[in-house]
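I opened the model to look up a few things and keep short notes. The entries follow in the order in which I made them.

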Amino acid sequence: MVKKPSALEGARIVGERYAQEKRAESPDGRMPLIEHLKELRGRVVKIAIVVVIGAVVAWYFEPRIWNFIQRPYCEAIGHCSNAFGHKLILTGVTDAFTLRLKVSIISSVVVTSPIWLYQIWAFIAPGLYAREKRWTWAFIGTAVPLFALGCYFAYLAMGKGLKFFMSMSGGNLTNLFEADTYISYWIAMLLGFALCFEVPLFLVILNLARVVTHERFKKWRRMIIFGVFVFAGIASPSPDPLTMLMLGGIVAVLVEVAEVLIYFNDKRYLRNHPDPYAGLDDDELSPVDEPADVDHTLN
């Protein structure tokens with residue numbers, strides 16, 4: 001007697017058949033523009049759902065998270081207390097709610113970064129070759145630590161940036177920072193550093209897509225390094241030179257590491273895809289493959 005498959009097993013079989021049909025229709029993962037837009041919409045919806053769920057969880061831990069967030073401010077002023085000028089202030093009726101919402105969302109974005117970074121990669125991956133799609137875990141394993149490293153260095157630089165801003169007031173003015181202004185500065189520093197640390201990985205992805213080669217990288221190395229420092233200056237809201245040099249210097253080192261990876265990837269690519277025109281002089285004719293079915297006999 002043949003055992004009837006369960007509903008779960010039947011759904012799995014149908015899903016596998018559907019995936020096989022899709023791979024047969026487009027083995028390289030190519031799809032029309034409408035399908036790309038639908039794929040993008042699906043990825044954005046998934047990211048939004050994950051961030052919202054994380055924000056709901058972070059809402060209940062907001063007091064502890066806020067104590068962690070305001071540590072750079074406390075270090076900048078020496079210590080936090082209830083004394084005038086030693087505590088962040090709220091000036092609006094809804095500021096407390098808005099502040100708690102911002103803290104919950106940014107905490108969710110940081111904690112759920114492995115999930116939404118994977119969704120970004122899953123949207124890019126169909127444009128790569130099959131062997132390059134297998135590097136998904138390598139991408140996640142690199143993007144997440146780089147994002148976390150950028151957040152860490154941003155946290156270290158926040159106190160120095162605040163001291164720089166406070167020094168501009170001189171000794172005759174009292175600094176009263178609004179909590180909403182401070183959290184906006186905190187978010188800008190965090191995301192600015194984190195995005196800067198993702199630049200080397202972005203270059204490697206462009207190399208995998210054959211948009212950037214090592215030859216192009218060598219020609220534009222100085223401009224790329226200069227662009228890294230310019231981007232670091234724009235991404236960092238703190239204008240003090242120490243913060244910009246620290247951010248730009250670290251990212252420049254990571255860009256050099258990316259260049260090494262690009263170099264070896266180009267070597268691998270040339271081994272697997274030899275250039276048929278390599279070794280030809282500029283005035284030498286290239287070889288032409290003649291069709292096998294050409295009949296050279298004269299009628």
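I looked up Cys196 and found a relative accessible area of 1%, so Cys196 is buried. Buried here means under 20% relative accessible area, exposed means over 50%, and partly exposed lies in between, with a 1.4 Å probe and protein chains only. I then took Cys151, which has 11% relative accessibility and therefore counts as buried. How many disulfides does a search of the whole structure find? I got 0 disulfides, where a disulfide is a pair of cysteine sulfur atoms within 2.5 Å. For the record, a disulfide is a covalent bond between the sulfur atoms of two cysteines.

**Ground rules.** I note that this is a predicted model, in which local features need pLDDT of at least 70, side-chain atom pairs count only at pLDDT 80 or more, and totals for chains, interfaces and linings use all residues. Residues are numbered from 1 along each chain as its sequence is written, and side-chain values use heavy atoms, with hydrogens and water left out.

**Confidence.** I read an average pLDDT of 75 for the chain, with 70% of the residues scoring at least 70; pLDDT is the predictor's confidence in each residue, from 0 to 100. Where in the chain is confidence lowest, and where is it highest? The lowest mean, 52, belongs to helix H1 (residues 7-25), and the highest, 89, to helix H5 (residues 95-111).

**Whole chain.** I listed the elements and got 13 helices and 0 strands. Helices (H or I, at least four residues) and strands (E, at least two) are DSSP runs, numbered from the N terminus. The chain has 299 residues, and buried ones make up 33% of them. I computed an accessible surface of about 19,700 Å² for the chain, 66% of it belonging to carbon and sulfur atoms; the areas come from the Shrake-Rupley method with a 1.4 Å probe, and for residues only the protein chains shown count as cover. Of the contacts in the chain with a separation of 6 or more, 79% are between residues 24 or more positions apart. Contact means heavy atoms within 4.5 Å.

**H5 against H6.** Two packed helices are described by the angle between their axes and the distance between the axes. I found that the axes of H5 and helix H6 (residues 113-124) come within 5 Å and cross at roughly 65 degrees. Axes are lines fitted to C-alpha atoms, for helices over the stretch in contact, and angles run from 0 to 180 degrees between N-to-C directions. Which residues meet here? On the H5 side I have Val109, Val110 and Val111, and on the H6 side Ser113, Pro114 and Trp116. By class, the contact of H5 with H6 has 5 nonpolar residues, 1 polar and no charged. In this scheme Ala, Val, Leu, Ile, Met, Phe, Trp, Tyr, Cys and Pro count as nonpolar, Asp, Glu, Lys and Arg as charged, and the others, Gly among them, as polar.

I took Ala58 in helix H2 (residues 33-60), which counts as buried because its relative accessibility is 9%. Leaving aside neighbours within four places in sequence, Ala58 is in contact with Ile65, Ser104 and Ser107. Ala58 and Ser107 are 49 residues apart in sequence, and their C-alpha atoms are 6.6 Å apart. Ile65 sits in helix H3 (residues 62-69) and, not counting residues up to four places away in sequence, touches Ala58, Val103 and Ser107. Between the C-alpha atoms of Ile65 and Val103 I read 7.6 Å, at 38 residues apart along the chain. Is Glu62 buried or exposed? Glu62 is at 10% relative accessibility and so counts as buried.

**Gln119.** I found Gln119 in H6, buried at a relative accessible area of 10%. Leaving aside neighbours within four places in sequence, Gln119 is in contact with Arg43, Lys46 and Ile47. Gln119 and Leu40 are 79 residues apart in sequence and 9.4 Å apart, C-alpha to C-alpha.

**Ala188.** My last entry is Ala188 in helix H9 (residues 179-197), which counts as partly exposed at 31% relative accessibility. The C-alpha atoms of Ala188 and Ala154, 34 residues apart along the chain, are separated by 9.4 Å.
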